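Please open the structure in your viewer and keep the selection tool at hand.

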Amino acid sequence: QVQLVESGGGLMQAGGSLRLSCAASGRTVSTYTMGWFRQAPGKEREFVAVRTWSTIYYGDSVKGRFTISRDGAKNMVYLQMNSLKPEDTAVYYCASGPSGGFDVRAPDNYNYWGQGTQVTVSS
């Protein structure tokens with residue numbers, strides 16, 4: 001059974017940094033597609049970043065500020081968030097999908113989701 005558990009969210013001032021972590025069990029992060037999405041109140045779930053076994057993609061709104069990485073030995077995925085803005089405020093979700101061959105930006109294509117972690121950025 002696949003389980004994803006996020007941690008690292010919190011309250012941060014604009015311009016600050018946070019690192020989110022996703023602990024995976026039942027699935028090897030280096031083999032499957034691992035992504036981060038976020039959802040703000042009243043908005044649809046938004047693609048943030050994803051790492052397939054070979055490629056990394058970022059959403060336009062976070063490109064240059066956020067970095068996705070993984071640690072195969074620990075089976076963890078991370079999202080380093082720098083230069084945070086108030087519009088980054090959302091619940092952030094870790095997600096896992098197939099190894100490849102699908103639209104990685106579409107949340108409906110992911111099989112497994114974590115419970116989410118709240119990130120709040122104050123101005």
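Two strands are said to pair if DSSP finds at least two bridges between them. Helices (H or I, at least four residues) and strands (E, at least two) are DSSP runs, numbered from the N terminus. The model is predicted: local features need pLDDT of at least 70, side-chain atom pairs count only at pLDDT 80 or more, and totals for chains, interfaces and linings use all residues. Residues are numbered from 1 along each chain as its sequence is written, and side-chain values use heavy atoms, with hydrogens and water left out.

**First stop: two hairpins**

Select residues 33–39, which are strand S4, together with residues 46–51, which are strand S5. These strands run antiparallel and are joined by five bridges. S4 and S5 form a hairpin with six residues between them. In that turn, select Gly42, which has a positive phi of about 80°.

Next, select Trp36; its bridge partner in S5 is Ala49. Strand S6 covers residues 56–58 and pairs with S5 in the antiparallel sense over three bridges. S5 and S6 also form a hairpin, with four residues between them.

**Second stop: the disulfide**

A disulfide is a covalent bond between the sulfur atoms of two cysteines. Here the term is applied to a pair of cysteine sulfur atoms within 2.5 Å. How many disulfides does a search of the whole structure find? The search finds one. Select Cys22 and Cys94, whose sulfur atoms are 2.1 Å apart. Cys22 lies in strand S3 (residues 18–25) and Cys94 in strand S9 (residues 90–97), so the pair ties together parts that are 72 residues apart in sequence. The torsion about the S-S bond is about -75°, so this disulfide is left-handed.

Are these cysteines buried or exposed? Buried means under 20% relative accessible area, exposed over 50%, and partly exposed in between (1.4 Å probe, protein chains only). Cys22 has a relative accessible area of 0% and is buried; Cys94 is likewise buried, at 0%.

Finally, select Thr117, which lies in strand S11 (residues 117–122). Thr117 counts as buried because its relative accessibility is 11%. The side chain of Thr117 reaches the backbone nitrogen of Gly9 at 3.2 Å. Not counting residues up to four places away in sequence, Thr117 touches several residues (contact means heavy atoms within 4.5 Å), among them Glu6, Gly9, Leu20, Val91 and Tyr92.

Methods. A polar contact is a pair of N or O atoms within 3.5 Å; within protein, one must be able to donate a hydrogen and the other to accept it, and residues adjacent in sequence count only if both atoms are side-chain atoms.
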